[in-house]
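Here's a quick briefing on pockets and salt bridges. Have the model open while you read.

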Amino acid sequence: MSYAVMDSPVGPLTLVAADTGELAGLYMEQHRHRPPLETFGSRDDSLLPEVQQQLKEYFTGDRTTFDVPLKLTGTPFQQQVWSALKDIPYGEVTTYGQLAATLGLVPGASRAVGLANGKNPVSIIVPCHRVVGSTGNLTGYGGGLDRKQHLLDHERADVLF
């Protein structure tokens, strides 16, 4: 593995490249479930140029979906939740309970969905920021609630205009 760091409106983003060249991680500063930096291999900021370009386009409002190859490592349940996250439209939100229902899970499964959501290794591109609490309030986000709010505001502004 190796990694690149790029600037963004939500602070530096660490992009982790799998040995196969796929994006295996996208972490913000002080990301709650970020593995130790030394596990990412060597730094090369020229890595993952397509990922960097698509993220720049996202932040300028020129991109609403991503189409970069991903290598997501997690349990089958986490994989299921992360796959469902990619179906949440740009500029929209859903709740943990609604996401659990979409997956055909029992009503009390929203907590398990929230835990899997929190372990998403590729934030922004797999849009875990689009999931909110049952009352619409912002709840946990690995990159911090201020960044979650920033991403939601960014997307809503693009949808409204």
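Predicted model: local features only at pLDDT ≥ 70, side-chain atom pairs only at ≥ 80, totals over all residues.

A salt bridge here is a side-chain nitrogen of Lys or Arg within 4 Å of a carboxyl oxygen of Asp or Glu.

**Salt bridges around Arg63**
- Arg63 and Glu57 pair up through their side chains, at 2.8 Å from N to O.
- Asp67 also bridges to Arg63, with 4.0 Å between the closest N and O atoms.
- Put together, Glu57, Arg63 and Asp67 make a salt-bridge network.

**The Arg130 pair**
- Arg130 and Glu155 meet in a salt bridge at 2.8 Å, N to O.
- Arg130 sits in the loop between helix H4 and strand E6, and Glu155 is in helix H5, so the pair ties together parts 25 residues apart in sequence.
- Arg130 is buried, at 4% relative accessible area, and Glu155 is buried too, at 1%.

**Largest pocket**
- The volume of the largest pocket is about 220 Å³.
- It has 17 lining residues, and the closest to the centre are Ala24, Tyr27, Thr73, Lys119 and Pro121.
- Strand E3 and helix H2 are the elements that each give two or more residues to this lining.
- By class, the lining has nine nonpolar, six polar and two charged residues.

**Second largest pocket**
- This one has a volume of about 190 Å³.
- Among its 14 lining residues, Thr65, Phe66, Lys86, Ile125 and Pro127 are the closest to the centre.
- Its lining divides into nine nonpolar, two polar and three charged residues.

Technical notes: Residues numbered from 1 in each chain as written. Heavy atoms only, no water. 1 Å grid on protein atoms, 1.4 Å probe; cavity = no way out; pocket = protein on both sides within 12 Å on 5 of 7 lines; lining within 4 Å. Points joined across faces, edges and corners; volume = space filled by probe spheres on them. Helix = DSSP H or I, 4+ residues; strand = E, 2+ residues; numbered from the N terminus. Nonpolar A, V, L, I, M, F, W, Y, C, P; charged D, E, K, R; others polar. Buried < 20%, exposed > 50% of the residue type's maximum accessible area, 1.4 Å probe, protein only.
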